[in-house]
Amino acid sequence: MTQDVLISTDGPVGRITLNRPKALHALTLEMCHAMSAALKEWAQDDAIKAVILDHLEGTRGFCAGGDIAFLRNSALNDGGVSGRKFFHDEYQLNHQMFTYEKPIVAFMDGITMGGGVGIALPCQFRVATENTRLAMPETGIGLFPDVGGGWYLSRLGGRIGQFLALTGARLDGSECLWAGLATHYVPAEILENIKARIVEKPDRIRGVLSEPVGTPPDARIEANAVNIARHFASDRYEDILASLEAAIADGDEWAEKERDTLGTKSPQTCKVALRQLAESKELTDFADNMRMEYRIASRVLTRPDFAEGVRAVITDKTNDPNWDPATPAEVSEELIDSIFAPLPASEEWKPL
């Protein structure tokens, strides 16, 4: 059993505590397996009424994502074989949590990105704090908003999901609550008290989380909701860029900022993300979404942009990725179709 995630029980409550602080609790394959095994065991234990998911107290971040260094190494050295295994089993955990019959309470206190979003958003209760910084920044490293991101983001109103998927914008706790990504907002200073109350009353979690905890700050993103709905309205990436350019011509500084942000992202994975969200919104089964995302991940992992994006943004920190294809116009429909195409039957993703 890995020590990077602490598994325990506290009376009628199962506890999953992420414990990899030097990596901001980023998920390894072993952590995914440990979490999955614990959830399977508790599902069959009538004494366990609920599950708390958090990170080691006093450490930064809830979960900064998946093991990106491991995935890049796989892309460069084993043709993506071990990376696909990581995605496959991580997605099984995401689906297991989404369909779990007992309530899981995720405390998103701090950085919650990528794989962290993947384990927080399937939970019935998602608690944000003033420390929450939630984002799906994958297009900046040639990846895409996976781990169920297509499902969650496509179901947000006002094209907020498309905006988050393309720009990688970070939301604070009150913005998460406003957008519907968090179910509750709680000041960090009373989290331990809240957890203790859940252990006392695991059948009254909603009431415990809804007791007066003060009014969250205004959600800053709300001020730009009209701009987001207008400029990110299309599922064609070129249309979004053109809309922003037209506003820039009229002196719109917000549009210029977002245009410049998009200019740093992989054109390939921006187009992938838009199609991903459009297709996911039409799905009725989360397993079908994860099957689609696994197909995408299997292809994108070994495309040039992923290894290059990780090099530029994370490894070398030079922020000068050479995207291939270099422009949106060069990303053909045929390329996108190939990324979304079914895998051989024996290689398709399957739930646990």
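At 1% relative accessibility, Phe86 is a buried residue in this predicted model, where buried stands for under 20% relative accessible area, exposed for over 50% and partly exposed for what falls in between (1.4 Å probe, protein chains only). Because the model is predicted, local features need pLDDT of at least 70 and side-chain atom pairs count only at pLDDT 80 or more, while totals for chains, interfaces and linings use all residues. Residues are numbered from 1 along each chain as its sequence is written, and side-chain values use heavy atoms, with hydrogens and water left out.

Turning to the aromatic rings, a search of the whole structure gives eleven aromatic pairs. Rings of Phe, Tyr and Trp (its six-membered ring) pair if their centres lie within 6.5 Å; planes under 30 degrees apart count as stacked, over 60 as edge-to-face and the rest as tilted. One of the pairs joins Phe70 and Phe86 in a tilted arrangement, with 6.0 Å centre to centre and 50° between the planes. Phe70 belongs to helix 2 (residues 68–77) and Phe86 to helix 3 (residues 81–98), so this pair ties together parts that are 16 residues apart in sequence. Helices (H or I, at least four residues) and strands (E, at least two) are DSSP runs, numbered from the N terminus. Phe70 is partly exposed, at a relative accessible area of 31%, whereas Phe86 is buried. Both residues also belong to one aromatic cluster, together with Phe87, Tyr91 and Tyr294.

A further pair involves helix 3. Since Phe98 lies in helix 3 and Trp151 in helix 5 (residues 149–154), the pair ties together parts that are 53 residues apart in sequence. Phe98 is partly exposed at 30% relative accessibility, and Trp151 is buried at 12%.

Six of them form an open sheet with the order 1-2-3-4-6-8 and mixed pairing; two strands pair if DSSP finds at least two bridges between them. Strand 1 (5–10) and strand 8 (184–185) stand at the edges with a single partner strand each, so one side of each is left without a neighbour in the sheet. Strand 8 runs parallel to strand 6 (residues 125–128), and two bridges join them; Tyr185 in strand 8 is the bridge partner of Ala128.

Strand 3 is mostly covered, with six of its six residues buried. Ala50, Ile52 and Asp54 point one way from this strand, and Val51, Leu53 and His55 the other way. Strand 3 pairs in the parallel sense with strand 2 over six bridges, and Val13 stands opposite Ala50. The pairing of strand 3 with strand 4 is parallel too, over three bridges, with Leu53 opposite Ala106 in strand 4. Strand 2, helix 1 and strand 3 make up a right-handed β-α-β unit, a crossover being right-handed if, with the strands pointing away from the viewer, the path from the first strand over the helix to the second runs clockwise.
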